[in-house]
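Reader: I'm new to this one. Can you walk me through some side chains?

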Amino acid sequence: MPFNVLYEMECRLFKKINRHFERKLWNAYFRTITNIGGAVLEILLVLFLLIFAHGQLRLTALACAVSLTISHIVVQVFKLCFPRKRPYLILDGTNHPINPLQDHSFPSGHTTAIFSVIIPLILFHPTLSLILLPIGFSVAVSRIFLGLHYPSDVLAGMLLGSVTGYVCFLKIVIPF
């Protein structure tokens with residue numbers, strides 16, 4: 001499939017999600033949930049677990065910390081290598097918050113961060129997936145809803161965060 005066809009499909013999906021920006025309830029939800037994928041909350045969560053957890057959970061928290069760190073570095077490298085402009089800068093009629101992000105959009109750092117932390121926690125205790133996966137997917141969709149990322153940006157973030165979280169869990173938690 002030619003690149004232009006994929007891009008057009010992606011833009012249509014982006015617009016279908018972003019067009020609901022004016023709905024107050026959705027806007028409040030996505031503006032709130034998106035912050036869970038932000039650096040400050042992710043770091044605070046991991047630090048909390050590192051300080052107060054014991055045993056396997058503490059090792060899992062260490063896996064989360066390493067995963068978050070590695071994935072953040074990879075995101076910054078990708079943003080330099082793939083200088084993709086954010087959709088609100090390119091697509092006419094895109095809804096977005098006041099003072100939107102100015103850096104490159106690929107991959108989504110918020111989505112990468114949330115998945116890099118939730119995957120080790122889910123591997124540690126699979127029933128957490130009932131709570132953590134909807135939160136992770138909500139963060140991912142919020143990035144599109146807010147006009148800051150294309151669907152492929154968040155898919156790349158989900159993949160990067162998930163793989164990093166999985167590998168860190170296997171390398172840090174499983175040996176013990």
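Reader: Is F14 buried or exposed?
Author: F14 is buried, at 0% relative accessible area. Buried means under 20%, exposed over 50%, and partly exposed in between, with a 1.4 Å probe and protein chains only. This is a predicted model: local features need pLDDT of at least 70, side-chain atom pairs count only at pLDDT 80 or more, and totals for chains, interfaces and linings use all residues. Residues are numbered from 1 along each chain as its sequence is written, and side-chain values use heavy atoms, leaving out hydrogens and water.

Reader: How many aromatic pairs are there?
Author: The whole structure has 11. Rings of Phe, Tyr and Trp (its six-membered ring) pair if their centres lie within 6.5 Å; planes under 30 degrees apart are stacked, over 60 edge-to-face, the rest tilted.

Reader: What are the ring centres and planes of F14 and Y150 like?
Author: Their centres are 6.0 Å apart and the planes sit at 45 degrees, so the pair is tilted. F14 is in helix α1, while Y150 is in the loop between α7 (129-145) and α8, 136 residues apart. Helices here are DSSP runs (H or I, at least four residues), numbered from the N terminus. Y150 is buried too, at 1%.

Reader: Which residues form the aromatic cluster?
Author: F21, W26, Y29, F30 and F145. Within that group, Y29 is partly exposed at 37%, and F30 is buried at 7%.

Reader: New topic. How many salt bridges?
Author: The count is 4. The rule asks for a side-chain nitrogen of Lys or Arg within 4 Å of a carboxyl oxygen of Asp or Glu.

Reader: Which residues are linked in a network?
Author: E10, R84 and D153. R84 and E10 have their closest N and O atoms 2.8 Å apart. That pair joins distant parts of the chain: R84 is in the loop between α4 (55-81) and α5 (87-90), E10 in helix α1, 74 residues apart. D153 and R84 meet at 2.9 Å, N to O. D153 lies in helix α8 (residues 151-172), so this pair ties together parts 69 residues apart in sequence.

Reader: Are E10 and D153 buried or exposed?
Author: E10 counts as buried at 12%. D153 is buried at 0%.

Reader: What about D103 and K79, how far apart are N and O?
Author: Their salt bridge spans 3.8 Å. D103 is in the loop between α5 and α6 (109-124), and K79 is in helix α4, 24 residues apart. K79 is buried at 6%, whereas D103 is partly exposed at 37%.

Note on methods:
Helix = DSSP H or I, 4+ residues; strand = E, 2+ residues; numbered from the N terminus.
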